[in-house]
Each structure stands twice: as C-alpha cells, then as structure tokens.
Amino acid sequence: MKDKVISEVLDRQGFGSNVQLVAEDEGCKVLRLEAPTGEGFMSLYLVMPGIYVMFNDFHLEACESEFQNMDTVFCIDYCRQGRMEHDNETFGRYYMESGDIRIEKRTHHAGSFSMPTKHYHGITIGIQPELAEESLKREMPGIKVDIGLIMEKFCATDKEFLLRKDTILKSDEPLDKIFNELYSIPEDIRIAFFKVKIMELLLRLEMLDTSLYSSERVYIPASQAERIKHVHKLIVDNPERNFTSEELSHRFSIPESTLRKNFRIIYGSPLYKYIKTYKMNLAAGLLKSDENIKISDVASNVGYDNPSKFAAAFKDVLGVTPVKYRNK
C-alpha cells in the first residue's frame with residue numbers, strides 16, 4: 001500500500017492535462033507532452049517500489065508543467081544534451097546544460113519551462129526515501145545506503161542543488177559516467193541494471209563532499225533573460241544582417257559585457273560563435289534543399305559578400321567547403 005504514493009506520481013494524471021499516455025507495456029510507460037512550440041516524450045520505468053527512472057526527450061521551445069508535486073519525493077536530474085531554463089523563487093533564472101546534475105524536491109515544479117536551444121534530453125530519477133530504503137534493503141541485502149542523509153545533504157531547503165558539469169568532470173567523473181551508462185542497456189536486463197546503477201549513484205552521493213561544489217551559481221534576472229531572448233530573435237530572424245555586440249547592446253539597452261556574458265549562459269555559446277554556427281547551418285540547409293541555388297547567393301543570404309570568407313567560415317563549422325558539401 002505504501003507504493004501507492006509514488007504510483008500517483010507515475011500516473012499520467014499527475015503530470016497534467018497536456019500530458020497523454022501514448023504507449024505502455026509491463027515495464028514502461030511512454031508519455032507525450034504537447035505544447036504550442038513542439039512536443040516531448042517521457043519514457044518512464046518503475047525500477048522498484050519507491051524509485052523510478054524517466055528518460056526525457058523534448059523538442060520544443062517552451063511548455064507549461066502541471067506536475068502535481070509531492071513533498072516526500074526528491075529527484076535527481078541529469079542533462080545529457082540541450083539546455084533547460086528554470087525560474088527560482090527570487091524571479092531569477094538558471095540554466096541546466098549538458099553534463100549538469102540537479103538534485104531537488106519537486107515542490108516548485110509546476111509552471112513555465114523554456115529550452116533556449118529548442119531541445120533537451122536527459123534523465124530523471126525519482127525517489128521516495130522511506131519506501132526506497134525498504135526496497136533497496138530487500139533487493140540488495142548487505143549494502144546500506146542512508147537516503148534520508150542524502151536528502152538532508154542536498155534537499156535541506158526547497159532550493160535546488162546543482163552540480164555543474166565542469167566541476168563534476170574535474171573531481172567526480174564517475175557521476176557523469178553512471179548516467180551515460182543508463183542509455184546503453186540491453187532490454188532484457190534493463191531493470192536489473194537500473195537497480196545496480198541507482199545504488200551506485202546513491203552511494204556516491206552519500207559520500208560526496210558538497211564543499212567541492214560550493215561555488216555560486218549564476219542567476220539571471222528574468223527581465224535581463226527576456227532581453228537576451230529578444231536579441232536572439234533579432235539575430236535568427238535576420239540572418240542576412242551582421243550585428244555587432246556594440247550595436248545589440250545599444251539597441252536593447254544592455255551593457256556590452258552583460259550582453260555577452262548572459263548570451264553565453266542562456267544559449268551555451270559565445271555570441272559571435274553562435275551567430276556564425278547558426279548562419280552556416282542555415283546555409284547548409286539552403287544548399288541541401290535547392291541544388292540550383294548559387295553558392296554566392298547562399299553566402300549573401302547569410303550576410304557574406306565575400307565568397308572566400310563564406311567558404312572559410314562554412315568549412316570551419318561544417319568541416320568541408322560549400323562545394324564539397326553540395327556534392328556530398
């Protein structure tokens with residue numbers, strides 16, 4: 001009967017009206033999230049009473065979460081690819097990117113979420129402490145893990161605990177390795193493998209020295225984040241233009257250094273590198289979709305009057321010249 005509590009979390013009704021069950025078998029539920037800007041899929045496995053694993057694959061720009069949180073459940077989120085924007089209680093925003101791990105209660109999960117790069121792929125492990133400890137004792141007698149201690153260490157408050165990828169890779173690479181291994185499991189041993197890796201993850205979190213991760217996370221005021229998104233929209237809507245950071249700073253009333261810093265935080269790439277990569281991928285799409293278009297016209301469409309400079313930039317991003325790309 002105790003498992004009924006976490007079963008309510010797994011029930012699709014707990015996720016909200018914009019989430020529908022699209023497939024189900026004995027070990028997995030696949031849920032589809034619908035949003036005006038795209039869709040997302042969540043593949044959810046009940047590993048044992050008190051613990052579930054969910055693979056998240058979203059291709060959208062923004063969505064509303066109607067998730068019905070429970071104080072007795074805490075979650076470990078791992079971002080494999082893409083970016084996710086979250087609000088905090090002080091109206092600031094922080095960003096999860098590839099390799100980041102977040103540990104928190106789901107007390108503030110309902111609301112708006114954004115994916116600045118229009119995609120997010122990752123894993124969520126949901127744990128109900130008391131029930132999970134009973135299950136782990138039953139499944140793995142002789143191995144003791146104190147989930148209450150882990151929850152107290154990382155979730156003493158309602159605020160999230162974020163392990164940044166740069167710090168993880170320097171001091172605790174096995175954490176990153178555990179999550180990546182969850183993606184390459186033969187179906188016939190999947191649940192058994194989940195049990196082993198979750199136990200390993202919990203043991204590592206139990207002995208983790210949190211002082212190694214005490215550096216302050218960067219929160220961007222929501223008003224500044226919205227301005228940076230307007231900057232981004234102007235860039236992608238006008239690929240034929242060559243904007244400078246000075247021009248964008250003046251146009252949107254943002255100090256140039258703040259513009260560059262916050263653009264990198266939100267979109268995961270320095271401003272000029274992002275513009276160049278975006279333009280070259282757009283150019284590649286034009287070459288692929290229209291075999292008769294002149295390369296000089298493609299260059300002009302993405303703001304290059306000099307074909308040689310365009311070819312050099314294209315090769316820098318795509319690895320081949322525009323001519324070779326077209327021939328391939």
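## Salt bridges, a charged patch and a buried isoleucine

Trainee: Is Arg 32 buried, partly exposed or exposed?
Mentor: In this predicted model, Arg 32 is partly exposed, with a relative accessible area of 24%.

Trainee: And what does Arg 32 form with Glu 39?
Mentor: A salt bridge, where the closest N and O atoms of Glu 39 and Arg 32 are 2.6 Å apart. Glu 39 is partly exposed as well, at 29%.

Trainee: How many salt bridges are there in the whole structure?
Mentor: A search finds 19.

Trainee: Which salt bridge does Glu 181 form with a distance of 2.5 Å?
Mentor: The one with Lys 177.

Trainee: Where do Glu 181 and Lys 197 lie?
Mentor: Glu 181 is in helix 5 and Lys 197 in helix 6, so the pair ties together parts 16 residues apart in sequence. Shared partners join Lys 177, Glu 181, Lys 197, Glu 200 and Arg 204 into one network of salt bridges.

Trainee: Is Lys 197 buried or exposed?
Mentor: Lys 197 counts as buried, with 10% relative accessibility.

Trainee: New topic. Which residues gather in the patch of negative charge?
Mentor: Glu 24, Asp 25, Glu 26, Glu 187 and Asp 188, on the surface. Glu 187 sits in the loop between helix 5 and helix 6, and is exposed at 64%.

Trainee: What about Ile 103: buried or exposed?
Mentor: Buried, at 0% relative accessibility. Ile 103 lies in strand 8, and its contacts beyond four places in sequence include Phe 74, Phe 154 and Leu 205.

Notes: Residues numbered from 1 in each chain as written. Predicted model: local features only at pLDDT ≥ 70, side-chain atom pairs only at ≥ 80, totals over all residues. Heavy atoms only, no water. Patch = residues over 30% accessible without salt bridge, like charges linked within 9 Å, V, L, I, M, F, W, Y side chains within 5 Å. Areas by Shrake-Rupley, 256 points an atom, 1.4 Å probe, with all protein chains shown as cover. Salt bridge = Lys/Arg side-chain N within 4 Å of Asp/Glu carboxyl O. Lys, Arg positive; Asp, Glu negative; His and termini not counted. Charge placed at Lys NZ, Arg CZ, Asp CG, Glu CD. Helix = DSSP H or I, 4+ residues; strand = E, 2+ residues; numbered from the N terminus. Buried < 20%, exposed > 50% of the residue type's maximum accessible area, 1.4 Å probe, protein only. Contact = heavy atoms within 4.5 Å.
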